[in-house]
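Hi there,

Here is the structure I promised to pass on. Have a look at it first, and my notes follow below.

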Amino acid sequence: MQHSDAWLERVRQACETSPKAETQLLAMHRGLADQDSASVSVPSAADGSSGQGQTSHRIYLFKCGDITDVLDQREDIRLNRAVVHNIIIGAHLNSRATGALLIGALTHWVPQLALAAALALTVFGPWSSMTRRASYSPTGLPIRPAHSRTVATRPPPVPREVAARPSAGPGHGKRPSEAEIRAMPDSQIIGLGTRSQLPLYSLERALQDPLRAVKLRRQIVSQHQATSDINFSVEGSALPYEGYDYQSVLGACCENVIGYMPIPLGVAGPIKVNGKAVFLPMATTEGALVASTNRGCMAINAGGGVTALVLGDGMARAPIVQFPSLEEAGAAKRWLDSEAGFRIIEEAFNATSRFARLQNVRATVVGSDLYIRFTASTGDAMGMNMISKGVEQILEAMRKHGFESMDIVSLSGNFCADKKPAAVNWIEGRGKTVSAQATIPGHVVRETLKTSVEALVELNVSKNLVGSAVAGSLGGFNAHAANVVTAIYLATGQDPAQNVQSSSTLTVMKNVNGDLQISVFMPSIEVGTVGGGTVLSPQKAMLGMMGVQGAHPEQPGRNAQELALLVASGVLAGELSLCSALAAGSLVQSHLAHNRKKE
């Protein structure tokens, strides 16, 4: 094979100065070699055409780098002392070898180990044998075939003149239609997925069969290089996928599903709350948590049970809007604070839902930005989607009433504040604001909890109040409220991330005539009995066991409020039991008994 020394020297220099750079060279084909363009002379294709006077541009892509393993000797192409390894064809060639040719190659310079890049290719015939071995991405870029010792490389971007050309069929970058995918055998779909030609998230929509989609996605993940390199297979793992209602998951709970995660589920109680005995479902992997909460329930029941109240109920959403000046931002705040302004935005908000009702608005001006915190009741739903929809209509109404210059920076401006500890939620509340209290007879404290009223009161002050203040805690004036909140949330289909502010708790203990009076104040319990994870059958069943599943038929919002009362009652039981164990010095022993697998 002939070559241009000037072109080869240019390759050598590129690799020496930038060993990791991707280089593109434009070579001329069909008998026309231009030395000034640093091209390589290539003979005409042996396909019966003369090719005289014809110029066909070929783009050769190679990556400067050094490899020591010859991936496939049969595909090596030698140019003088340069060796090109693992040629991958990334574009269609017809029988006359016309059109663009993309080649990704890893090269090895012999005998100089420091230099690794050279590429030349003679185009012969229709290349049918090589194109059958080719792999393609959705953009037409070459993908390295799976190889036990392959070094992964990212191909260079497709030049504009190449990318603009139409694809030559599904095998060359065109994504098949949903109907075509449904008609494919599983093996073909898996192949498309492992080559990234079929997005994982699209399987359910394309196949119209959630279970088949999950099964195929598991195989795609198992055969993908990301998992094959670490010798892990989802298919061969203990992650289950059969026997689950994936139809309920679609569009509500999760995407790219490959199975479900079983979590042990226990029950604490029953605990008597406002005169009614209820079991508390708790999904957790922390040994001793359910046992400890259950002990707290027993002690509370011995004193007559829990009295719990909902003190407030309102979900908050706080967008940021921006004005050209401070004066205009201040004018918008005054309008929102006015009775006339509130009536307008209330009408706009309430029109978006049968259950959403705007309660109040609080606006704060920072420069020319306005942070507006809207609070509303949302029925039995936790309410984030409901209130967000209503807030969008409020902002539109503001534009129609004299604030055309207002720009919306973000629908959520963290003044809400969602899934973050914040003083505004501790003071004003978000979701359900609840207080629960119980009185434990002194003899029960001594006999069941193995401690004394005095010791518990002192420990609570020193640990939960002073200790939390020393730590600078925000809403963390408790022993372990998050443990119980998260376990009940997982069991009942709540958003577990919202335990961040839902777990904000103030625990108080007092000695009242020799008995222990214990209470918890929780200003931001964010729960719902409809929507989200509550649509899943197991979680729905646990809500049913608690008597709060679905929307309340007569009093919208009542079931969600009842659930919040039960969460606070569970936290009360957990606080009582853990603090008793700490006061008695039995915490370590109980965890060794319940949280360590015996040999």
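Two strands are taken to pair if DSSP finds at least two bridges between them. Please keep in mind that this is a predicted model.

Strand 16 has another partner to look at: strand 13 (residues 431–440) pairs with strand 16 in the antiparallel sense, over 8 bridges. Here Ser-435 is the residue opposite Phe-521 of strand 16.

How enclosed is strand 16 (residues 515–525) by the rest of the structure? Largely, because 8 of its 11 residues are buried, where buried means under 20% relative accessible area.

Now to the open space. The largest pocket holds about 1300 Å³. It is lined by 43 residues, and the closest to its centre are Cys-253, Gly-493, Gln-494, Gly-533 and Leu-536. The elements that give two or more residues to this lining are helix 9 (246–249), helix 13 (384–400), helix 17 (481–492) and helix 19 (537–546). By residue class, the lining of the largest pocket divides into 27 nonpolar, 13 polar and 3 charged residues.

Best wishes

Key
Residues are numbered from 1 along each chain as its sequence is written. This is a predicted model: local features need pLDDT of at least 70, side-chain atom pairs count only at pLDDT 80 or more; totals for chains, interfaces and linings use all residues. Side-chain values use heavy atoms; hydrogens and water are left out. Buried means under 20% relative accessible area, exposed over 50%, partly exposed in between (1.4 Å probe, protein chains only). Helices (H or I, at least four residues) and strands (E, at least two) are DSSP runs, numbered from the N terminus. On a 1 Å grid over the protein atoms alone, a cavity is a set of points where a 1.4 Å probe fits but cannot get out, and a pocket is an open set with protein on both sides within 12 Å along at least five of seven lines; lining residues have an atom within 4 Å of a point. Grid points are joined across faces, edges and corners, and a volume is the space filled by probe spheres set on the points. Ala, Val, Leu, Ile, Met, Phe, Trp, Tyr, Cys and Pro count as nonpolar, Asp, Glu, Lys and Arg as charged, and the others, Gly among them, as polar.
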